[in-house]
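The sequence and structure are shown first.

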Amino acid sequence: MDDQTTLPKRASRSLILPLTLAAVLGGGVAAAAVVAVGGADGSTPATVTVGAAATTTSSGTPAVAATSAPVTAPAAAAAGVKTVAQIYRDAAPGVVRVTQAQGQGSGFVIDSEGHILTNAHVVDGAGPVFVSFSNEDRVQATIVGKDDSTDTALLKVTESADALRPLALGTSTSVDVGDPVVAIGNPFGLDRTITSGIVSAVARQIEAPNGFPINNAIQTDAAINHGNSGGPLLNMQGQVIGINSQIADSGIDANVGVGFAIPIDMVKQIATDLQKNGKVTHAWLGVALAPIDPALADEVQLAADKGAMVQTVQPGSPAAAAGLKPSTDQKVIGGETYAIGGDIIVAVDGKPVESITELQSAIQEHRAGDVVKLTVARSGGEKADLSVTLGAQPTSASAG
């Protein structure tokens, strides 16, 4: 992702757990022993419900614009709605178990060349990676590349085309709250388990393994548990709309109906870069941001009541080179301390942004070296247009 997000202290925080299942020595599977994905400062990640974001153009709605798929998958067999049983018959053979010495998760085949998508945290350990198919074949896989910023990994196996059952990739653009969905994966080592539910929310923000935000995550109440990491979330046409990645921690280390999937439109573009380059270089601005709080805007008469407020500017960053101004003062309102006086970013390349998440989305559309125009509102009411040459995102949020 792009830059760190600083939230007011009163913002609610919920612990999010990755879904990799820990493996017992000797190849068996046990109840998961996982570590929560921590923030850059060691804090637990926040689930933020503002804005819409993705690696593609956002229109301000909680949908992601489609991108062209890097790895071609067959179109859905039919445009009509299928039953859960039909989806399982069609899709389950393309769902695989992904195993590494440290644990196991899920994945799914996306083409007849042997490419498989999963989560980066599933294959983040040492040692070889193995993939198990529905015909019980177990083969070693090559990691084509992985991107911790979106928790996405692309694998490849050398397997006969007959053994590969690619899943159709859909789009997360049209995903709406209330849509029925199904998840297929290997919870607690139980191969190719299917569960069903609905889309509980869209435009959620979760935290990537390296501490950067993943925007526009799909929230679902379809039961997903440890071992489901990397498996597909499908719509009722049997098309993949997301990669199951995390669950909310309720304190009982099991699913309580709050799971999150990375939107497939984001994954498509990431997979393009991974297949081509083996890595992804995300654009970086180099600022810490705070949301515009209505109470704050009224109290101190901010230059804008929507946008993303700059709190700090990283020395030597693209933002610093472009002249973005950090906060110059603090204000205490209702017991909360706010940084004020910094630039408020209100548009990117002429397109308005109303929140931190929308700003992140706009930056994510670009690559390092791209030049963008930021429109900022400054103290005193003046506006300025700044030309910024974007840099390459650091490897972790703590480094940036």
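## Strand β3 and its partners

Strand β3 pairs with strand β4 (residues 103-109) in the antiparallel sense over six bridges; strands are DSSP runs of E with at least two residues, helices are runs of H or I with at least four, and both are numbered from the N terminus. Two strands are taken to pair if DSSP finds at least two bridges between them. The two strands β3 and β4 form a hairpin with two residues between them, and V96 stands opposite G107 in β4. Strand β6 (residues 129-132) also runs antiparallel to β3, joined by three bridges, with R97 opposite S132.

Six of the six residues of β3 (residues 95-100) are buried, so the strand is largely enclosed by the rest of the structure. Buried means under 20% relative accessible area, exposed means over 50%, and partly exposed lies in between (1.4 Å probe, protein chains only). Both faces are covered, with V95, R97 and T99 buried on one side and V96, V98 and Q100 on the other.

## Basis of the model

The model is predicted: local features need pLDDT of at least 70, side-chain atom pairs count only at pLDDT 80 or more, and totals for chains, interfaces and linings use all residues. Residues are numbered from 1 along each chain as its sequence is written, and side-chain values use heavy atoms, with hydrogens and water left out.

Helix α2 has 14 residues and reaches 20 Å from its first C-alpha to its last, close to the 20 Å expected at 1.5 Å a residue; the expected span is 1.5 Å times one less than the number of residues. Its buried residues include I264, M266, V267 and L274. Among the elements covering the buried residues of α2 are β7 (138-147), β11 (213-220) and β14 (259-263).

D273 lies in α2 (residues 264-277) and counts as buried at 10% relative accessibility. Leaving aside neighbours within four places in sequence, D273 is in contact (heavy atoms within 4.5 Å) with G278, K279, V280 and R367.

In helix α5 (residues 356-364), nine of the nine residues are buried, so the helix is largely enclosed by the rest of the structure.

D151, in the loop between β7 and β8, is a residue other than glycine with a positive phi, near 55°. D151 is buried, with a relative accessible area of 1%.

N216 lies in strand β11. The phi of N216 is near 65°, again a positive value in a residue other than glycine, and N216 counts as buried at 3% relative accessibility.
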